[in-house]
Amino acid sequence: MNLTIRGDFNEEFVGSAVKKATSLLKIPKKIKLNIFVIDNIKFCPVTSGTLKGESAKEFKKLCKEEATSMSLTYKKNNHVIIHISKFDNYLKTNKKALIGVLLHELMHIVQTNKSLDNKIRKAAIFAFNKFKKELFKIGQPKQNIINFYSNIGESTNYVLKDIYANLELINKGFTDYILEDYYNLYFSKKKCIKPKLQKQTLEQIENAINYQLELLSVIIPFTKVQRKPKAKKLINYLKKCYEPKELSEEFKELTSYTLKNFSWRKNFRQNFFMIVFKKSLDLIF
Ligand SMILES: [Zn+2]
């Protein structure tokens with residue numbers, strides 16, 4: 001494992017968090033791991049040392065554009081970038097939260113190496129093909145519908161990846177670490193935007209759905225451990241972000257379906273996409 005720290009950090013603090021996270025979550029030996037901890041996009045990895053040409057360029061571009069923590073796998077090279085911005089500044093002093101965000105990204109690496117990304121993509125294509133006929137009855141230009149559903153599909157893809165990562169971390173007993181991170185993240189940036197769902201343009205509906213989906217990637221896993229007071233408080237806060245009511249009603253089914261049926265079987269993933277696509281279709285009408 002390689003660790004690169006760039007920015008205004010207590011290196012010892014970061015080093016010990018990385019050590020703890022990588023000892024809690026066993027990373028298979030064959031997985032080559034590069035971890036970057038940075039606090040400014042100007043430190044976006046110039047070169048990871050292992051990437052060349054196009055992938056090195058893409059890696060840097062993603063790091064700069066997203067300005068958030070992420071994990072990236074290129075063939076055998078696995079990269080975790082922990083990007084600490086002014087919104088999650090607590091990660092510089094709260095070790096439990098830093099271990100939490102590291103565990104989350106490391107779990108993405110482990111699951112990507114089990115082909116989860118491909119499996120999720122296949123489920124999205126399956127659900128879209130099943131749905132195609134219904135979609136084109138909407139009376140909107142075909143290309144708009146395709147764009148709408150590919151964007152919703154993309155968000156669902158990320159949500160599902162996060163649900164897999166967080167539920168597996170919870171199952172392994174690491175709840176307190178990730179909860180510490182999400183709790184601080186949502187309470188420090190007060191991110192409750194409550195988008196208005198006016199049935200005007202597809203784009204507005206799409207933004208509202210994407211926002212709700214992002215909240216679900218936190219609400220669903222922590223509903224499983226809501227006996228913990230901190231988890232309950234976080235869920236209640238996020239649920240208040242569900243405005244208007246019709247969106248929250250529409251997506252309730254997704255939470256109960258996931259908690260009941262979560263598994264590595266493809267049926268689960270296909271149905272997850274089907275539910276999102278179906279609910280989105282209901283919202284257009
Ligand atoms: Zn994630």
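Trainee: Which residues on the other side of α1 are exposed?
Mentor: E12 and S23 are exposed there. Keep in mind that this is a predicted model.

Trainee: And which residues of α1 are buried?
Mentor: V14, A17, V18 and A21. They cover an arc of only 100° around the axis, so they sit on the same side of α1.

Trainee: Why would residues three or four places apart point the same way?
Mentor: Because an α-helix has 3.6 residues a turn.

Trainee: Changing topic. What does the domain assignment give for the chain?
Mentor: Domain 1 is 2–112 and domain 2 is 116–284.

Trainee: How far apart do the C-alpha centres of the two lie?
Mentor: The centres of domain 1 and domain 2 are 25 Å apart.

Trainee: How many residues are in contact between domain 1 and domain 2?
Mentor: On the domain 1 side 16 residues, and on the domain 2 side 18.

Trainee: Which element gives the most to the side of domain 1 that touches domain 2?
Mentor: Helix α3, residues 95–112, with 11 residues.

Trainee: Now the whole chain. How many helices and strands?
Mentor: There are 10 helices and four strands. Along the sequence the pattern reads β-α-β-α-β-β-α-α-α-α-α-α-α-α.

Trainee: What is the radius of gyration, and what does the globule rule give?
Mentor: The chain has a radius of gyration of 19 Å, close to the 19 Å from the globule rule for 285 residues, so the chain is as compact as a globular protein of that length.

Trainee: What box do the C-alpha atoms fill?
Mentor: Roughly 55 × 45 × 35 Å, taken along the principal axes.

Trainee: What percentage of the chain do buried residues make up?
Mentor: Buried residues are 34% of the 285.

Trainee: And what share of contacts join residues at least 24 apart?
Mentor: Counting contacts between residues at least 6 apart in sequence, 71% join residues at least 24 apart.

Technical notes: Residues are numbered from 1 along each chain as its sequence is written. This is a predicted model: local features need pLDDT of at least 70, side-chain atom pairs count only at pLDDT 80 or more; totals for chains, interfaces and linings use all residues. Domain bounds come from an automatic or database domain assignment. Two residues are in contact if their C-beta atoms, placed from the backbone, lie within 7 Å. Helices (H or I, at least four residues) and strands (E, at least two) are DSSP runs, numbered from the N terminus. The radius of gyration is taken over C-alpha atoms; the globule rule is 2.2 Å times the number of residues to the power 0.38. A residue is buried if 20 or more other C-beta atoms lie within 10 Å of its own, exposed if 12 or fewer, and partly exposed in between; C-beta atoms are placed from the backbone. The arc is that of the directions from the helix axis to the C-beta atoms.
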